[in-house]
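Welcome! Have the sequence at hand and turn the model slowly as you read.

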Amino acid sequence: MNKIKVVNKMGVSQIILKSLKGQQVNENEVYAINSNKVGGLLHLEIVPKGSTFNLIYNTTGFISFGEYLATPLNKERFATILQNILANLKAIERSYFNQQYLLMDLNKVMVNPATQHIYFIYVPIQFFESGTTLREFLLSIIQYATFAPGEDTSYVKEYITILNNGINFSVFDLEEYIKTLLGQKSKTQQKIVCPVCHSELKATTNYCPACGAKVSGVAESAGKGVYNPLAEASAASQVVPQPVVIPEPEPVRKDNTQGLSDGTTVLGADPGGTTVLGSEELYDPHYPFLIREKTQEKILLNKPSFRIGKEKKYCDYFVFDNNAVSRSHADIVTREKRYFIIDLNSTNKTYIDGRAIPIECEVEIFSGAHIRLANEDFVFYIE
């Protein structure tokens, strides 16, 4: 565990993190932070100390997030804080930084009292673990915050409900909640409805986060409420509306020519091959699958032991465009309708729901689990 200390000396405040022997700094991430290519992160200095080094963050003029929360919050200020935090996290995600390398501690997150902007400390060294999840950090805000007296704080209960909803809370739901607190309207009021579980989703959604189904449907018009397929059928035909039947997927053809003219074979669609981008209909509904978040590609886990990595020769699915992924990074194993993931001693680790897993140990995964191989994100679903 890396040691972290807060130093206040002669009017200068610093947070100093000591590296462990063998840890290496990521120079590209240091450059990106100090050149302001990633918003919302404190600059840092690297000071060698024999076989180790110190990361020094200058916090002079800042106050800790914990101190900031001591000032009574009203609904709008609370929403603005959450909005600021999510904006920082999205900037980090766009730069492919690992969220687990953030110090999510109320005394290590800093606030500029003049602008009220929030800044995180990012630790750009390999194999660092903060030990705190995003959900835990967001819940800790409630534990330490002081709310304005006399104000209806029922919105706080709604916030807690969103964070505790399922294995992984919905960032989209949290964003919509923030807009409601601020009295804002969504950038787009168009929504679609999952044909399987009928969850209301953004119009740009490809796969339902609740059940994993491929989303199909018509975006609703702005201001007309939830999309109602029966009402639309009535308007189109001017007759008594008939029940809308969601068509079953076309059975998979044994010659791998699903959806194509006879005699055309999808390259790479052999039984042990990689799912082809855009061939979502080539699937057996009994197999579990992954959604690659960067491309929204659906990866069918159609083998008892399914290997993922960047080396095409050895893997069932290869990540050809990300050098952070190891050649043979991880296996997903199916055993008696239970599913396990094994990290194959990868360079940049495997994460389940934000936590690194031990190498070469089976870790059980469940539908909806977020899997990160290095900095490549997937979501696991069971049909």
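Below is a short tour of this structure, starting with the overall picture and moving on to single elements and residues.

**The whole protein**

Keep in mind that this is a predicted model. The protein has 383 residues, and buried residues make up 40% of them. Its secondary structure consists of 7 helices and 20 strands.

Let us begin with strand β4, which covers residues 52-58. Is β4 largely enclosed or largely open? Of its 7 residues, 5 are buried, so β4 is largely enclosed by the rest of the structure.

With β2, strand β4 pairs in the antiparallel sense over 5 bridges. In this pairing I16 stands opposite I56 of β4. Strand β3, residues 45-49, also runs antiparallel to β4 and is joined to it by 5 bridges. Here K49 stands opposite T52 of β4. β3 and β4 make a hairpin with 2 residues between them.

Now look at S19, in the loop between β2 (12-18) and α1 (27-34). Is S19 buried or exposed? Its relative accessibility is 6%, which is under 20%, so S19 counts as buried. Leaving out residues up to four places away in sequence, S19 touches N2, T52 and F53. A polar atom of the S19 side chain lies 2.9 Å from the backbone nitrogen of F53.

Next comes helix α6, residues 171-181. Its buried residues are L174, E175, E176, Y177, I178, K179 and L181. What covers them? The cover includes α3 (75-94), α4 (134-144) and α5 (154-163). The N-terminal end of α6 is capped by S170, with a side-chain oxygen 3.4 Å from the backbone nitrogen of F172. After α6 comes G183, whose phi is positive, near 70 degrees.

Y177, one of the buried residues of α6, also belongs to an aromatic cluster with F78, F147, Y155 and Y159. The structure holds 14 aromatic pairs. Why is the pair of F147 and Y155 called edge-to-face? The ring centres of F147 and Y155 are 6.3 Å apart and the ring planes stand at 75 degrees, so the pair is edge-to-face. Both F147 and Y155 are buried.

| Charged residue | Ring | Distance to ring centre |
|---|---|---|
| R77 | Y68 | 4.6 Å |
| K298 | F289 | 4.1 Å |

**An open sheet of 6 strands**

The last stop is an open sheet of 6 strands with antiparallel pairing, in the order β11-β10-β20-β19-β16-β17. Which strands stand at the edges? They are β11 (297-300) and β17 (355-356); each has a single partner strand, so one side of each is left without a neighbour in the sheet. Within this sheet, β10 (residues 289-292) and β20 (residues 376-381) run antiparallel and are joined by 4 bridges. I291 stands opposite V379 in β20.

Strand β19, residues 370-373, contains H370. The relative accessible area of H370 is 32%, so H370 is partly exposed. Not counting residues up to four places away in sequence, H370 touches N168, E293, Y351, I352, D353, F378 and V379. Notice V379 in that list: V379 is also the residue that stands opposite I291. Finally, H370 and R355 are 15 residues apart along the chain, and their C-alpha atoms are separated by 9.9 Å.

Terms used
Residues numbered from 1 in each chain as written. Predicted model: local features only at pLDDT ≥ 70, side-chain atom pairs only at ≥ 80, totals over all residues. Heavy atoms only, no water. Buried < 20%, exposed > 50% of the residue type's maximum accessible area, 1.4 Å probe, protein only. Phe/Tyr/Trp six-rings, centres within 6.5 Å; stacked < 30°, edge-to-face > 60°. Lys NZ or Arg CZ within 6 Å of the ring centre and 35° of its normal. Polar contact = N/O pair within 3.5 Å; in protein donor to acceptor, adjacent residues only side chain to side chain. Contact = heavy atoms within 4.5 Å. Pairing = 2+ DSSP bridges.
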